[in-house]
Amino acid sequence: MTSVARPSVLEGIEALPVDVTSFVGRRQQVTDAKRLLESSRLLTLTGPGGVGKTRLALHVAAAVRRSFRDGVRFIELAELRDSSLFAHTVAAQLGLHDQPSRTTIDMMVEYLGSREVLLTLDNCEHLIDDCALFIDAVIRACPQVRILATSRQSLGVYGETTMVVPPLPVPSPEAVPSPDALTQYDSVKLFVDRAGAVLPGFGLQSQDCAAIARLCRALDGIPLAIELATVWLRALSLGQIEERLSERYRLLTVSPRNAPTRQRTLQALIDWSYDLCSHPEQQLWARASAFSGSFDLDGIEYVGAIDGMAPEEIRNIVLSLVDKSILTRDERDGRVRYRMLETLREYGEARLVAAGEYGAVHRRHRDWYARMVEQFQADWMGPDQDSWILRLRREHANLREALNFCLTQPGDAAVALRLADKLGTYLGAQGFNSVTRHWLDQALAASSEPSPERTSALRRNGWVALLQGDVDAAQAQLNEAAESARRLGLTKESAYVTLVEGVRAASSGDIEKAALLTADALSGFSSGDELSGRLLAMSLHGFILGDTGQRERGLALLEEAVAISVQRGEVVWRAWALLALSFVELDHDLAHAESAAREALQLRRRVSAKVLMAFAFEILAWVSGRQARHVRAATLSGAAATMWRTVGTSPDYFHPVGVVHHQHIGMVRAALGDDRYDAAFQRGCDLSEQAAVDYALETAPSAGEQRQADGEEANLTPRERQIAKLVSEGLTNREIATHLVIASRTAEGHVQRILTKLGFTSRAQIAAWYVSGRNVREPSIPSD
């Protein structure tokens, strides 16, 4: 009951993780938890490790999700070890990565304040204080939010209801050991279910009943313990497992006398599993504990290869540990990764410390990820940006672990600076600006001596602070970076500092100064091989030239930047150059502006760059306003506003963009009137990320798209319009049927007819069509 496909720590979760094994028993606990959630704002499922709290929480959340208008959010905390990142981690999983000039908790409370949602916080026990503060703030300020938590202890929050998750019921010694009698016990059902997965065809036979009953009692009905025990059916008989387990319990004399029996039983089982591993398997189990979250074969081959353990030997040991369920195999996108249950990882870590290998193994772990980041930086300006972003996203927990280790080791501050600085490229592309500043602030505090690494980190930190509107912090760091670059003779860093100073000038509205500074920066990069800096400088200088009336010069520079990026197969700076070009062309060649913004948004699909998405939505909204498509313009403005909030910045932090932004809003609001503008804007705010992209790109089939774009009213019946509205709210056919009290087949037929009439092929297109306001014929609005 512990095998759950869990999400990455940095990912926003819209859906619950999918069970990878069957869910056995717990019907009464699911019922009880649902009842308690109806009367309590906070329900905490408590119990020992391995008892199945996570699986129960997932099934309860799935059972009640339709009762919450805005659904459920599952937030996994087991892999988070740095409590100072708690708020950022929760915000990231809610899709809220940054918010300038406000605490992250205040930002999350504001986001949740108007939503009806169930938050499921999993594995809170090591972050009790942080969880309690966050939950207390949410309960006080967000009346429609309920919280379901799992923890090994209560959270101590006022109004908390706790529910102890017990072990699965086990047969009593007096129970008649027959198949019919034993199948009434969920612990036996689980044992038989998992044994069947290990030995196909395994069933509850009369001759095995007594042994299985005794095993389930000896394991105290703890799901994890049962699952670990059944693994050994590959090598041992039921009697042999029972015999060895009994011997281990008699040897268990060092656990605290006041420790719960269940915890001692689980410890004994893990001790026993460890002892049944060969010495090399035990070593690799311990060494694998250095990883946080999941890892790949290349990583464990490097980190585990000390004391003469060869890579080919490690491969065989990994296979053996997977076979013994110490490691779990997870395949996604054609890549196999491995992970350990947290209980097993903690056990391995204790063994690593006892063996005196903790420092050596974690240094190899740090070196592996430092090399990965160096390679990422070397390959970034090329065709593999999307694959690198996917790889680093998978490794985020391990990168955080490597940074943490560096910051605790004397003499490793420079390594931490390099890691944090180079990771800033990836984190910035993803929109994780607050996380970037967190790591850079810590690394800079640990290494105060002037160095190239510190200069680069200061410059990057100043850039991110500027993006967040923190001008004072940005200026202080840029001043120090400039002085350090001058003293150390760092020409490249001087050019970067000058470029960021140009952005600061533009942000404040001093466009003439910005033009001079960005020109100086571009000159500084032209003499070197820093292509990333050169392309950024070309985009910014071309943008500013266009804004100061030098359109032809600006376009020439931007088109050159696009051409260089295409030649290299690069995506991020190409998208920025296209968006700058689109901005320059807004008042000159609207078709060119629109096509460039669309191309940039399509490129965004490869790298998930949320800042790019925000700017692209913004420009396409301006284009639509100039085309007198005012409902679409307001809707796109709403989608842009949501994305700006997600990345923690605003058009107002860059003066030229802020000026056009406010002019656009005023024009479209005047054309639509306040009520219609606000309704369309809110529909845009409510679009999911993918729906917003589909809407912005107008990805409907051409016939249906053109019919709706021309303002033709769709020939839908009132019932079909009602169902289109429910589709736009994310309801499935079955949920629509329940809502309207009709048959599921009837609902399915209505949806199919809507698709046919509109010329669409997907429900997402129906949703985008409905929220755009095209489902109601608009009166003619004169063009500006």
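Predicted model: local features only at pLDDT ≥ 70, side-chain atom pairs only at ≥ 80, totals over all residues.
Residues are numbered from 1 along each chain as its sequence is written. Local features need pLDDT of at least 70, side-chain atom pairs count only at pLDDT 80 or more, and totals for chains, interfaces and linings use all residues. Helices (H or I, at least four residues) and strands (E, at least two) are DSSP runs, numbered from the N terminus.

I start with the sheet. Five strands form an open, parallel sheet in the order E2-E3-E4-E1-E5, where strands pair if DSSP finds at least two bridges between them. At the edges are E2 (72-76) and E5 (160-164), each pairing on one side only. From one strand to the next the twist averages 20°; axes here are lines fitted to C-alpha atoms, for helices over the stretch in contact, with angles from 0 to 180 degrees between N-to-C directions. Helix H2 (residues 53-64) packs on the sheet and touches E1 (42-46), E2, E3, E4 and E5, contact being heavy atoms within 4.5 Å. The direction of H2 makes about 160° with that of E4.

Next, the hairpin. E6 (residues 328-332) and E7 (residues 335-339) run antiparallel, joined by five bridges. Arg 332 stands opposite Arg 335. Two residues lie between the strands, and Asp 333 takes a positive phi near 50°.

Last, helix H24. Which residues of H24 are buried? They are Ile 511, Ala 514, Ala 515, Leu 517, Thr 518, Ala 521, Leu 522 and Phe 525, buried meaning under 20% relative accessible area (1.4 Å probe, protein chains only). These pack against helices H23 (491-507), H25 (531-547), H26 (551-568) and H31 (655-672).

Methods. Heavy atoms only, no water. Buried < 20%, exposed > 50% of the residue type's maximum accessible area, 1.4 Å probe, protein only.
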